[in-house]
Amino acid sequence: MHKRNRNPRLGAILLLFTASFALIFLRLFYVQVIDSAFRLSKLAANQHALTIELSPERGRIFDRNLNVLAVSRNVYSVYAVPRDMTQREKAIAMRTLASCLGLKGNYLSERLNKDKLFVWIAREVPDEKAKPLIALKLKGLGFVKEPKRFYPDGTLASHVLGFVGRDDKGLEGLELLYDKYLKGVKGVRVLEKDAKRRMIYRFESKHVLPKDGCDLVLTIDETIQHIVERELDKAMKEFHPKGASVIVMSPQTGEILAIANRPAFNSNSPSGAPIDARRNRAITDSFEPGSTFKIVTASAALESNILRENDKVFCENGAYFVAGHTLHDHKPHGWLTFREVIEKSSNIGTCKVAMKLGGERLYKAICLFGFGKRTNIDLPGEISGVVKPTSRWSKTTITAVPMGQEVTVSAMQLACAVSAIANGGLLVKPHIVKAIQDREGVPIKFAKPSYLRRVISAQVASKMREFLAGVVEEGTGQMAKLPSYTAAGKTGTAQKITPDGRYSHTDFVASFVGFAPAEDPRLAIVVVLDNPHPYYYGGVVAAPVFKRIAVETLRYLGVLPNEMIEARLEKKGGA
Amino acid sequence: MKKFLFGIVVMTLFALFYVHQEVELLKIGYELRSREKLKTELLDQKDILTYNILALKAPSRLESVLSFKGADYRMPERWEVVAFNSPGKGRVTAPIERRGFIADLFSLKREAEAKTIK
């Protein structure tokens, strides 16, 4: 039998190789099957996959004629990667950034010497400054595009529009209230990147397009808003009030054509403005309306039929002792007709009318006109004002409320009340957003005029329009008389309350509420000036502002002046 | 053996074609990327220019420019407005007298007449 020649050395080598291959195989199996499934594939995916968040464009805001009031644009922001930069590169970057962006050396040194992978150098840099910087291709500096909100006309309607924060989120005004419509929906794109971190479109695994935000179309008219703001600026220069508000409204539909407040701010740079300047005073501030409130008392008296237009009221020759204190008129009057009481704004006459009317009926009328409750205009921060129920009235309240004391109202509430008189007795709901539409201009929501309730009958409204036209023609509001149109309105000069709770003799709120043309009102206007000086009477300070705004707006709207209407009627009659 | 070699050649060609196609797709992807970047930049540029136009025609800016140049624009007063009847219904126009080409040549009247092309 053949004896097998066994070489122990060969056997050992064979064993060694077999063991080595077995180890390699096991390792390969571990790496390819086990480790790959649980760890390596994830690591590779993290290295190759690139997830890009696609930001939607924030919706635009238009005026009623589709003029752009707010729009979003992409602008550059500059960042640095200090860990990737040598001292020499940092020095070059500091010099260049200081000269291109006008940044201070200390600030740049502090930023670039941080031991971090990412630091912001400057946000929202204008293109003309960013582009030369990009062209220099400095090492360690990077640029990203971020959306920024722009308001082409700066301060125009800034209180209405509001502003957005760095994250493109609405913080004030309509930007805040309609943020959910304006902001849109983010999209996402997942694809792979190469060694140079470039996107490889071939390996796109997910692509969800962003949905841009909806556009808002406002009832505001850019031109009317400009007229209002310009006239308000003139009034600020002339009478130096602490603050001022104007509302222009369509009395038939409740559409707000303009709202302006002073002080104002620039929506493009809101951070620089004091908080006081950012307040939309027309809806967030309440004040004692003074004599403008007599329109409510007079309407209630006419509606209750307790007095007629020509019924006489004795005005006590300027001083009337009632409920433990003496009531004064700014001018002494004897016997006046009810109409003259309103035209001449007699406190004593109005007080006597109110006493005849009674507290309950007066309170009911005040509530019907919408005072003491928010108008629910689509703007944030509206206040309701203060109207005490009759159960909380003191002995003197019946002498104070009829002439606008012991009640506080907002300018918006006054605008709605005067609109009710102008439109025939219906309280309209004010609104400022006409429509919400998608980017293709297809409307999603429409605002329709909505009447809340009838406040006074059409006959009483008509009579009140005559009374208020009389105020402008012959009464305290003569400075509101328009050159080519008829106007109606009521002046108000309210004493402000001092910190110790007394009525001030130096600080006043001057106001004028009115509408034009008197016979067929197209505009209801409220002008409020807080603490004007040296003049403080509503008829002297606020009425001229009303006049200038009304006449220019009516001309702009193409409303025919009286004499042209008369000429046409004559021609028709003649034919 | 021939069949085997033919098979190898076909497979190699197919593999090369596949690789070539993949490389071409990648190249097109890079081209797309650069064009998309360019498109975004141009759109941003357009947006900026549109915004500049909006800012330039803002009423407050126009008014400040006009007042700086001393232009005194204002709404007309009532005595400065002359009302015309709007054209259309009821507007009476004199019929155009037609005299013929030769007669028109010797006409002393200057007339601008727009002819309708049918």
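Modeller: About 11300 Å² of accessible surface belongs to chain B, and carbon and sulfur atoms account for 65% of that area (Shrake-Rupley method, 1.4 Å probe). The model is predicted, so local features require pLDDT of at least 70 and side-chain atom pairs pLDDT 80 or more, whereas totals for chains, interfaces and linings use all residues. Residues are numbered from 1 along each chain as its sequence is written, chains are lettered from A in the order in which they are written, and side-chain values use heavy atoms, without hydrogens and water.

Of the 118 residues in chain B, 8% are buried (under 20% relative accessible area, 1.4 Å probe, protein chains only). Chain B has three helices and zero strands (DSSP runs of H or I, at least four residues, and of E, at least two), in the order α-α-α along the sequence.

Helix 2 of chain A, residues 87-101, packs against helix 3 of chain A, residues 105-112, at about 140°, the axes lying 10 Å apart (lines fitted to C-alpha atoms over the stretch in contact, with angles from 0 to 180 degrees between N-to-C directions). From helix 2 of chain A, the contact (heavy atoms within 4.5 Å) involves A:Lys90, A:Ala93, A:Met94, A:Leu97 and A:Ala98. Helix 3 of chain A contributes A:Gly105, A:Leu108, A:Ser109 and A:Leu112. Six of these contact residues are nonpolar, two polar and one charged, with Gly counted as polar and Lys as charged.

Note on methods: Buried means under 20% relative accessible area, exposed over 50%, partly exposed in between (1.4 Å probe, protein chains only).
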